Amino acid sequence: MTTRTRTPFLKGHGTENDFVIVPDPENALDLTPAAVAVLCDRRAGIGGDGVLHVVRSAAHPEAKPMAAEAEWFMDYRNGDGSVAEMCGNGVRVFARYLQHAGHVGEGDLAIATRAGVKTVHIAKNGDITVGMGRARLPEGEVTVSVGERSWAARNVNMGNPHAVAFVGDLADAGTLYDPPPFSPAAAYPDGVNVEFVVDRGPRHVAMRVHERGSGETRSCGTGACAVAVAAARRDGADPAVTGTPTTYTVDLPGGRLVITERPDGEIEMTGPAVIVAEGEIDGEWLENAVG
Ligand SMILES: N[C@H](CCC[C@H](N)C(=O)O)C(=O)O
């Protein structure tokens with residue numbers, strides 16, 4: 001962005017996982033990691049867990065191969081400026097933005113992401129359902145720690161990496177200021193999102209999450225999917241084994257998501273998404289802030 005340009009932005013969230021939305025159909029903006037970090041700064045910037053850069057698939061080299069299937073590409077960035085493969089809450093907010101901007105209506109659409117094309121359904125009641133694809137469950141147990149405490153965790157990949165630890169009480173995870181150390185280091189060469197989970201009832205869990213690149217957030221869509229997949233295996237309810245779909249209700253600090261895994265491994269996540277506000281980014285401010 002050059003000085004004195006004014007770039008539209010919107011603010012939105014899905015179960016309080018919040019994002020700065022930057023519409024840029026022709027991929028004209030130079031959205032550097034430093035610019036993302038400044039935009040996500042909750043004091044000196046707009047504030048958010050991440051940025052949803054809205055680009056036509058045909059205008060982005062990573063999304064061009066998906067352009068025939070999905071007109072729009074969610075170029076997702078974490079709040080620290082790093083790039084992640086996928087953001088579940090982000091896809092719902094992205095779909096809500098496309099609807100808000102008049103690009104799509106209620107019903108079915110497809111969104112390109114770095115983890116492939118995701119199918120999305122915008123329901124009349126406002127709920128948004130995302131086809132999250134299949135989980136990968138790398139072999140080998142991992143351990144995560146917070147302070148003096150450690151837990152065995154399940155390695156689940158939803159396009160992005162997760163470590164799911166079942167704990168006695170969500171307070172056991174302490175303040176979660178820093179990324180929880182994990183071992184073996186080789187399990188997550190590019191870092192990891194760590195979820196701490198307790199039971200609330202049959203097929204009903206609650207979780208906290210420390211997100212790679214964003215810190216503790218109020219919600220994580222891919223994390224909720226990873227938790228549901230790990231819980232189903234713990235509970236002897238793996239749909240591939242039982243032949244019946246499993247649905248888990250996942251309560252997060254920021255709201256509730258419903259995750260269904262089918263016998264073929266396909267996972268669907270349903271939850272809300274809202275647009276909170278829209279405005280303009282001052283190019284001169286951003287240029288000075290980035291330095
Ligand atoms: N921090 C994650 C990306 C965002 C995931 C989360 N916000 C979601 O809703 O899935 C990562 O680095 O893999």
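The model is predicted, so local features are given only where pLDDT is at least 70 and side-chain atom pairs only at pLDDT 80 or more, while totals for chains, interfaces and linings use all residues. Residues are numbered from 1 along each chain as its sequence is written.

The protein chain is divided into domain 1 (6–127 + 273–290) and domain 2 (142–270); such bounds come from an automatic or database domain assignment. Between the C-alpha centres of domain 1 and domain 2 the distance is 24 Å. Contact between the two involves 18 residues of domain 1 and 20 residues of domain 2, where two residues are in contact if their C-beta atoms, placed from the backbone, lie within 7 Å. The side of domain 1 that touches domain 2 consists of four nonpolar, nine polar and five charged residues. In this division Ala, Val, Leu, Ile, Met, Phe, Trp, Tyr, Cys and Pro count as nonpolar, Asp, Glu, Lys and Arg as charged, and the others, Gly among them, as polar.

The ligand is surrounded by 16 residues, of which A84, N89, N160, G221 and T222 are the closest. A residue counts as near a molecule or strand if its C-beta atom, placed from the backbone, lies within 6 Å of it. Two helices, α2 (88–100) and α3 (221–234), each supply at least two residues of the shell, and α2 gives the most, with three residues. Helices (H or I, at least four residues) and strands (E, at least two) are DSSP runs, numbered from the N terminus.

A residue is buried if 20 or more other C-beta atoms lie within 10 Å of its own, exposed if 12 or fewer, and partly exposed in between, with C-beta atoms placed from the backbone. Leaving aside its neighbours within four places in sequence, A224 is in contact with G88, M207, V250, L252, L257, I259 and M269. In soluble globular proteins, nonpolar side chains tend to be buried together.

Strand β4 (residues 72–78) runs parallel to strand β5 (residues 107–113), and two bridges join them. Here W72 is placed opposite I111 in β5. On to strand β6 (residues 116–122): β5 and β6 run antiparallel and are joined by seven bridges, with I111 standing opposite K118 in β6. The two strands β5 and β6 form a hairpin with two residues between them.

Strand β4 also takes part in the packing of helix α1. In α1 (residues 33–40), six of the eight residues are buried, and the helix is mostly covered. The buried ones are A35, V36, A37, V38, L39 and C40. They pack against β2 (17–23), β3 (50–56), β4 and α5 (283–290).

T15, in the loop between β1 (6–14) and β2, has a positive phi of about 45° although it is not a glycine. Is T15 buried or exposed? T15 counts as buried because 26 C-beta neighbours lie inside 10 Å. N27 is in the loop between β2 and α1, and N27 also has a positive phi, about 55°, without being a glycine. With 19 C-beta neighbours inside 10 Å, N27 counts as partly exposed.

P181 lies in the loop between β10 (161–166) and β11 (182–183). P181 is exposed, because 12 other C-beta atoms lie within 10 Å. From P181 to A34 the separation is 147 residues in sequence and 25 Å in space, C-alpha to C-alpha. In the loop between β11 and β12 (193–201) is P184, and the peptide bond from S183 to P184 is cis, with omega near 0°.

Notes. Two strands pair if DSSP finds at least two bridges between them.
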